[in-house]
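User: Please take a close look at one part of this model. Which residues make the nonpolar surface patch, and what can be said about the setting?

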Amino acid sequence: MASVRIREAEEGDCGHILRLIRELAEYEKLSDQVKISEEALRADGFGENPSYRCLVAEVFSAPGEPQGQGIGSKIIQKVAQVALDQGCSQFRLAVLDWNHRAMALYKALGAQDMTETEGWHAFRFEGEAMRKLAGK
């Protein structure tokens, strides 16, 4: 069984974080949307006024070890602990509509599906639409 250590990210983790972002984007078939650089991650996460906090899960397992080791649950539990420690009353997760396994995990842990319960949909502005909105 894999062992896991979840910790606050350090500046030296930025290269690994970017690799994981790219791997996730590839899995989600969204590789073309990864626009961030390692330098931008470093500046945003470890500069004077960090705009986000990042946790790193260090997983120690044998190659090919089966999934279902509870690692995702441990990560989400840690996010809940950090959020409560920071005075947050909630946190949200985004999941693609085809990722039924992730949705089942989130529901099993007690999350509400905002699309089902409240009708929330996520929107984003980017590229030309964002520039047009900003008048640039």
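Analyst: The patch and its setting

Of the 136 residues of the protein, 16% count as buried (under 20% relative accessible area; exposed is over 50%, and partly exposed lies in between; 1.4 Å probe, protein chains only). The model is a predicted one, in which local features need pLDDT of at least 70 and side-chain atom pairs pLDDT 80 or more, while totals for chains, interfaces and linings use all residues. Numbering starts from 1 along each chain as its sequence is written, and side-chain values rest on heavy atoms, without hydrogens or water.

Leu24, Tyr27 and Trp98 make a nonpolar surface patch of about 320 Å² (residues with over 30% relative accessible area and no salt bridge, nonpolar side chains being joined within 5 Å and like charges within 9 Å; a salt bridge is a Lys or Arg side-chain nitrogen within 4 Å of an Asp or Glu carboxyl oxygen; areas are Shrake-Rupley with a 1.4 Å probe). Tyr27 belongs to helix H1, residues 14-27 (a DSSP run of H or I, at least four residues; strands are E, at least two; both are numbered from the N terminus). With a relative accessible area of 49%, Tyr27 is partly exposed.

Trp98, another member of the patch, also takes part in a charge-ring arrangement: the charged end of Lys29 sits over its ring, 4.9 Å from the centre (NZ of Lys or CZ of Arg within 6 Å of the ring centre and within 35 degrees of the ring normal).

Arg7 counts as buried, at 14% relative accessibility. Its side chain is joined to that of Asp13 by a polar contact of 2.8 Å (a pair of N or O atoms within 3.5 Å, one able to donate a hydrogen and the other to accept it; residues adjacent in sequence count only if both atoms are side-chain atoms).

Ser51, in the loop between helix H2 (38-46) and strand S2 (55-60), is exposed at 58% relative accessible area. Helix H6 (residues 127-134) has 8 residues, of which the number buried is 0, so H6 lies largely in the open. Gly135 follows H6 and has a positive phi, near 75°.

As for the whole, the protein has 6 helices and 2 strands, in the sequence pattern β-α-α-β-α-α-α-α. Its C-alpha atoms fill a box of roughly 55 × 40 × 35 Å along the principal axes.
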